[in-house]
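The sequence and the structure are shown first, and the points follow by topic.

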Amino acid sequence: MLKQIGHAVTSRFSQYRYTVGFFGKILRGLVPFILQGHASYKILVMQILFTFVEALGISSMLALGIGAAVNVFGASFLANISQNQLIYQLLIIAITRELGPLLTAFLIIARSATAIATEVSGMVISHEIEAFVSIGIDPIEHIAIPRFLGVTISLLLLNIYFCIFGLFGSFFVTLLINPLPASEYFNNLLQVITIKDLFITFVKSIAFGMIISTFALLHGFSVERASTEIPIAALRAVTSAFAWCVLADVIISILYYIS
């Protein structure tokens with residue numbers, strides 16, 4: 001029994017070490033890719049097109065709904081305790097600082113993490129990776145890095161749009177409940193929001209983008225020979241990215257509140 005536990009712990013530690021090494025290899029290849037990766041720029045552009053542009057519509061609709069919901073429930077609760085002005089702080093906390101980065105990450109996990117893991121694992125099964133290596137092309141530089149950058153950039157851009165549409169959704173609800181000039185509404189938001197709020201949502205977006213792309217690529221490359229491993233790789237990519245994004249969100253939020 002003790003031997004089995006020891007073997008499981010050793011195996012888990014090896015997986016973590018491999019993940020860190022894989023992530024480090026991607027980071028080391030970023031500068032050479034930016035300076036010399038002309039052949040892979042098309043992959044980067046296509047990844048941004050799929051992850052950001054094609055997801056912009058559903059992300060905007062989700063943001064409008066979340067912004068409206070936060071305003072409706074928040075305004076009614078704050079009105080009961082005569083703290084109506086706190087609605088602006090609630091909007092910044094809920095949409096910009098917390099829900100924006102996390103819900104955007106979940107959306108990208110559902111769309112792009114599964115797609116990347118499935119695509120890369122299919123390339124492994126069909127021996128395309130071996131073909132790249134045989135002609136001297138580094139799979140990390142040609143396959144992993146453009147997708148890593150594309151997902152990270154896309155998550156940051158989607159989060160910006162999510163925050164904008166979320167605050168506009170709240171404004172539309174405000175017009176229905178308590179008509180307010182747009183200048184007054186957005187001036188109140190600008191008085192509440194701080195550089196620290198913008199920084200934390202930027203950090204979360206970058207962190208979530210790196211986590212999602214890393215685990216999607218890692219599990220995509222981890223398949224061996226059977227095509228039945230492809231859906232398993234996609235499922236593992238989703239669960240790993242989901243769990244680590246939640247953990248990263250908790251850690252970053254704790255660091256924010258204690259700083």
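Helix α7 crosses α9 in a right-handed sense. The model is predicted.

**α7 against α9**

- The axes of α7 (residues 139-177) and α9 approach to within 8 Å, with a crossing angle of roughly 145 degrees.
- On the α7 side, the contact is formed by P139, I143, A144, R147, F148, V151, T152, L155, L156 and N159.
- On the α9 side, the contributing residues are T201, F202, S205, I206, F208, G209, M210, I212, S213, T214, L217 and F221.
- Sorted by class, this contact of α7 with α9 comprises 14 nonpolar, seven polar and one charged residues.

**α9 against α10**

- Helix α9 (residues 195-221) and helix α10 (residues 229-258) have axes that come within 9 Å and cross at roughly 155 degrees.
- Angles over 145 degrees count as roughly antiparallel, and α9 and α10 are therefore roughly antiparallel to each other.
- The crossing of α9 and α10 is right-handed.
- From α9, the residues that meet α10 are K196, D197, I200, V203, K204, A207, F208, I211, I212, F215, A216 and H219.
- Their counterparts in α10 are A233, R236, A237, S240, A241, W244, C245, A248, D249, I252, S253 and Y256.
- By class, the contact of α9 with α10 contains 16 nonpolar, three polar and five charged residues.

**Cysteines**

- The count of disulfides is zero, with a pair of cysteine sulfur atoms required to lie within 2.5 Å.
- For C163, the closest cysteine sulfur is that of C245, and at 16 Å this is too far for a bond.
- C245 is likewise in no disulfide, the nearest cysteine sulfur being that of C163, 16 Å away.
- C163 counts as buried because its relative accessibility is 10%, under the 20% limit.
- C245 also counts as buried, with a relative accessibility of 0%.

**S240**

- S240 lies in helix α10 and is among the α10 residues that meet α9.
- Its relative accessibility is 16%, so S240 counts as buried.
- Setting aside neighbours within four places in sequence, S240 is in contact with F215 and H219.
- Both F215 and H219 are listed among the α9 residues that meet α10.
- S240 and A105 are 135 residues apart in sequence, and their C-alpha atoms are 13 Å apart in space.

Conventions: Residues numbered from 1 in each chain as written. Predicted model: local features only at pLDDT ≥ 70, side-chain atom pairs only at ≥ 80, totals over all residues. Heavy atoms only, no water. Axes fitted to C-alpha atoms, helices over the stretch in contact; angles between N-to-C directions. Helix = DSSP H or I, 4+ residues; strand = E, 2+ residues; numbered from the N terminus. Parallel < 35°, antiparallel > 145°, perpendicular 65-115°, else oblique. Left-handed = near helix turned anticlockwise from the far one by under 90°. Contact = heavy atoms within 4.5 Å. Nonpolar A, V, L, I, M, F, W, Y, C, P; charged D, E, K, R; others polar. Buried < 20%, exposed > 50% of the residue type's maximum accessible area, 1.4 Å probe, protein only.
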